[in-house]
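Look over the sequence and the model, then read the points below by topic.

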Amino acid sequence: MKNIDFIDKYGTFRIKNPENYSGLYLPLAGEKGLKSSITPTLGGDSKTSQNTFLLEPVSIENLHNNKGTRNFWCRIVGKGFWSVCGSSAQQEADRFTGNQDESELEAGLMWQKLHRASKIYGLEADTTSFVTLDGSMEVMLVEITNKTDEAMEIVPIGAIPIYGRSADNIRDHRHVTSLLHRIETTQYGIEVTPVLSFDERGHRKNDISYFVYGSSGNGESPESFYPTVEQFIGEGGSFLIPEAVRTEKAGAKAGEKFQGKEAVGAIKFANRIIKPLETVSYIMLAGLTEKGNDVNAITGRYRSVLEVKEELNTVKKHWIDKVNIDFETGNAKEDNYLKWICFQPILRRIYGCSFLPHHDYGKGGRGWRDLWQDCLALLLMEPSDVRRMIVNNYGGVRIDGTNATIIGNEPGEFIADRNNITRVWMDHAFWPFVTTKLYIDQTGDIDVLFDRTTYFKDYQSMRGTSHDKAWNTTYGNKQRTAGGQIYFGTILEHILIQNLCAFYDVGEHNEMKLHGADWNDALDMAWDKGESVAFTCAYAGNLLDIVKCLRNVEKISGINRIEVLEELKLLLADDEILYNCPDKKQELLMSYAKACENCTSGGTALVPIAAICENLEHKAEWMMKNIRENEWISDGTDGGWFNGYYDNNGRPVERCESGDVRMMLTGQVFAIMSGTAKKEQIKAICNSADKYLFDQKAGGYRLNTDFKEEKFDLGRMFGFAYGEKENGAVFSHMAVMYANALYKQGFIKEGYKVLKTLLDTAMDFDRSRMYPGVPEYFDNDGRGLYSYLTGAASWYMLTIITSVYGVHGELGDLVIEPALMPQQYNEKGDAKVSLEFAGHGFDISVHNPDKLEPGDAQVKRALCDDVKVENVTGNSVRIPRHAIEMLSTDKCHMVEIYIE
């Protein structure tokens with residue numbers, strides 16, 4: 001069945017009767033301010049932070065339970081009443097019957113329009129919803145048309161419940177906090193200003209006002225108001241059949257005040273007689289602002305249909321321009337899905353992980369991993385801001401190589417855990433260099449490595465195993481020297497500390513300790529003896545990449561020595577006897593951590609780059625050799641894989657014994673990506689992944705096989721039903737990284753299968769039941785869950801651009817190495833990607849008329865603006881940075897690549 005129908009190349013789609021599908025919602029937000037979600041029946045919520053919810057907070061289960069949604073009613077005099085979004089008792093009862101309204105949703109990036117037609121009353125309504133670009137308010141434009149042959153009289157009533165407090169109060173003090181409400185009606189609406197806020201910060205004087213304002217399409221003010229829930233719904237009523245809608249009930253006039261009640265922005269407009277085929281319009285505005293601000297002035301910009309539609313067009317253009325990457329493969333549906341996938345990293349920058357109905361964790365903001373992985377996508381779309389973000393983010397690194405876990409709202413703001421809870425994710429030190437390396441390749445800016453920033457400091461010390469009892473809030477959250485000065489280290493020094501500390505932090509099997517978890521947050525019950533072979537592979541790859549980076553620094557800049565923290569020299573021990581002994585490695589690590597637990601000496605040392613490179617290579621080679629010799633598992637046929645973990649009893653987690661197959665995808669991804677796995681091992685891993693993890697019905701490669709055990713000596717994931725979340729679901733993030741790793745090592749067909757299966761599952765609406773995009777995971781039935789806010793989107797986008805189209809930077813040069821499969825070209829054998837690189841726009845077209853597979857094809861020639869590109873070798877095209885900088889920034893440049 002064709003459920004999602006795209007109408008342009010910008011991701012705009014339509015879907016009929018969307019209310020018949022569970023769990024659908026769209027994000028609505030500005031560049032700052034309100035962060036909203038909206039369903040086909042106008043459900044969802046809106047907020048600016050955990051403590052300031054305009055609408056009642058919702059999770060996914062609330063979407064079908066909550067009655068108190070945004071709504072707009074028409075009471076048809078002498079006949080009945082009708083909701084433009086279908087949220088009435090009668091319309092609910094008529095669903096899935098012959099009397100169900102006809103509806104269609106049209107939606108794009110940050111906006112939706114709901115069309116609904118009543119078979120009973122002959123009315124049609126278009127309800128358009130969006131958040132203003134400045135994030136100050138939600139806008140709801142309702143356009144009602146009489147489709148009958150007779151005039152009818154309607155009483156229009158808009159209603160948006162106002163929650164107006166912290167999400168903490170959804171249960172705690174729900175009634176008590178309503179007693180704090182001070183409600184006032186004005187000429188155009190209703191304002192709610194609680195006198196206090198109750199939340200985990202304590203009892204504070206409130207400084208936020210919440211509002212719902214309304215006007216007719218030509219700016220006329222409302223006739224009256226129902227500002228409290230009990231006044232609006234009446235005794236025994238509900239939001240599905242409110243008394244103020246079903247009866248002629250007198251409302252409050254402007255200038256009246258109420259207090260101590262649950263609030264609703266219910267607004268009654270003057271009766272209106274609508275002629276046949278006539279359309280009348282109404283505007284509802286909802287938002288919040290600092291107490292004392294003039295809400296009338298804020299909302300006065302949007303009193304007419306013309307003003308609202310002008311802002312809507314501004315919003316549409318802004319977000320289309322923001323997603324400045326386009327694909328043309330000959331499959332318009334795939335191209336549009338990719339447009340939404342490229343939009344998802346922007347959404348996570350706005351919403352974090354906490355502020356959509358499928359909220360994963362936390363009370364706002366992003367996690368450490370998110371900071372870095374979202375930068376991957378921003379480097380391809382908004383690179384101008386990324387340098388500052390990278391430098392700021394390194395300020396969250398502790399001197400012992402761990403990092404802050406509570407991220408503030410401001411750039412570079414990191415907050416000490418007020419509960420002094422130890423949190424160490426052992427993978428956290430891996431991601432910063434991955435992002436920094438991409439930044440350097442995209443820009444050629446090696447100087448960023450020598451920028452200086454601070455280190456984060458709090459009560460936690462010794463890599464989460466102890467507390468620094470000499471630290472207090474007076475010391476502050478920046479690492480100091482023995483002389484009391486705040487210490488600034490280079491970005492390169494931060495990178496070395498993170499990766500070297502990780503090298504020594506091993507368990508009894510000489511693999512890196514799991515601590516609180518790694519990328520898989522649900523491996524969280526093996527603090528004592530857990531080890532992550534998966535990320536030991538990843539760090540080994542990091543060390544080799546750091547070596548390549550340093551050698552490029554030496555070659556390009558002539559710098560042959562770098563300044564580092566004096567204590568860091570301890571970590572540069574290079575002794576295979578030491579490497580082979582886990583206890584000695586831990587002893588060395590703890591001596592370093594103790595030496596700078598409270599403060600550093602303040603001294604620095606100059607170390608030759610050549611010596612550091614040799615040191616890191618020895619460490620990486622030892623790690624890879626150890627893993628190859630001790631962690632490989634064979635299934636006795638043509639399959640095999642690496643054990644990825646040790647549990648809290650010190651036992652290997654993965655095995656293949658007597659029909660008991662335990663395989664996890666994560667360990668294979670990083671073994672391949674890092675180069676730990678040899679070519680023959682990669683082939684064996686692919687065979688095993690296809691045999692044991694691939695499930696077409698579920699949407700692709702599962703995260704693990706079914707262990708058939710509640711394995712609580714490893715993590716909570718084994719409490720989840722198999723096939724859900726981290727316990728064996730098709731987890732998009734790791735699946736996409738599997739594809740990325742395969743492309744990196746030249747396994748293009750295998751990588752293509754991973755990406756194609758995920759996208760096909762998402763696009764199959766009958767299975768995925770989700771709007772366009774890639775979800776966090778697919779469940780056993782292939783339903784997509786946790787839409788939008790997933791790191792999978794950044795990696796999918798990165799892999800498509802840099803690996804599939806092969807468009808990437810190398811020390812600032814633009815390099816194009818196409819690896820498109822025949823199916824990814826149009827009927828003429830053409831494929832195109834449009835993007836920005838080095839501040840210039842490029843349309844990059846690949847012409848492969850015979851649709852040759854990557855291994856059978858070579859680039860024969862390349863043109864840039866019809867001028868021959870000289871640097872063409874094998875399957876690679878290189879346009880040097882200096883040549884790009886000579887190009888005009890006023891036009892998009894055409895790159896044509898011809899494959900034969």
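Gln745 sits in the loop that links helix 19 (732-744) to helix 20 (748-763). Helices (H or I, at least four residues) and strands (E, at least two) are DSSP runs, numbered from the N terminus. The model is predicted: local features need pLDDT of at least 70, side-chain atom pairs count only at pLDDT 80 or more, and totals for chains, interfaces and linings use all residues. Residues are numbered from 1 along each chain as its sequence is written, and side-chain values use heavy atoms, with hydrogens and water left out.

**Around Gln745**

- A polar atom of the Gln745 side chain lies 3.0 Å from the backbone oxygen of Ile672.
- Gln745 is in contact (heavy atoms within 4.5 Å) with Ile672, Met673, Gly675, Lys679 and Ile682, leaving aside its neighbours within four places in sequence.

**Helix 12 against helix 16**

- Helix 12 (residues 491-504) packs on helix 16 (residues 609-630) at an angle of about 40°, and their axes are 12 Å apart. Axes are lines fitted to C-alpha atoms, for helices over the stretch in contact; angles run from 0 to 180 degrees between N-to-C directions.
- The crossing of helix 12 and helix 16 is left-handed. That term applies if the near helix is turned anticlockwise from the far one by less than a right angle; clockwise is right-handed.
- Helix 12 contributes Leu496, Leu500, Phe503 and Tyr504 to the contact. Helix 16 contributes Ile612, Leu616, Lys619, Trp622 and Met623.
- The residues of this contact divide into 8 nonpolar, no polar and 1 charged. Ala, Val, Leu, Ile, Met, Phe, Trp, Tyr, Cys and Pro count as nonpolar, Asp, Glu, Lys and Arg as charged, and the others, Gly among them, as polar.

- An open sheet of 4 strands runs in the order 46-47-53-52, with antiparallel pairing. Two strands pair if DSSP finds at least two bridges between them.
- Strand 46 and strand 52 (872-873) stand at the edges. Each has a single partner strand, so one side of each lacks a neighbour in the sheet.
- Strand 46 (residues 807-810) and strand 47 are antiparallel, paired over 4 bridges. Among the bridge partners are Glu810 with Asp813 and Val807 with Ile816.
- On to strand 53 (residues 876-879): 3 bridges join it to strand 47, and the two run antiparallel. Val815 has Arg878 as its bridge partner there.
- In a regular strand the side chains alternate between the two faces of the sheet.
- In strand 47 (residues 813-816), Asp813 and Val815 point one way, and Leu814 and Ile816 the other way. All are buried, that is, under 20% relative accessible area; exposed is over 50%, and partly exposed is in between (1.4 Å probe, protein chains only).

**Two arginines with positive phi**

- Arg463 lies in the loop between strand 28 (460-461) and strand 29 (466-467). Its phi is near 55°, a positive value in a residue other than glycine.
- Arg463 counts as buried because its relative accessibility is 7%.
- Arg769 is in the loop between helix 21 (765-768) and strand 44 (777-778). Arg769 has a positive phi of about 50°, although it is not a glycine.
- Arg769 is partly exposed, because its relative accessible area is 24%.

**Thr481**

- Thr481 belongs to strand 30 (residues 480-481).
- At 11% relative accessibility, Thr481 is buried.
- Beyond neighbours within four places in sequence, Thr481 is in contact with Tyr487, Cys599, Thr600 and Gly602.

Note on methods
Polar contact = N/O pair within 3.5 Å; in protein donor to acceptor, adjacent residues only side chain to side chain.
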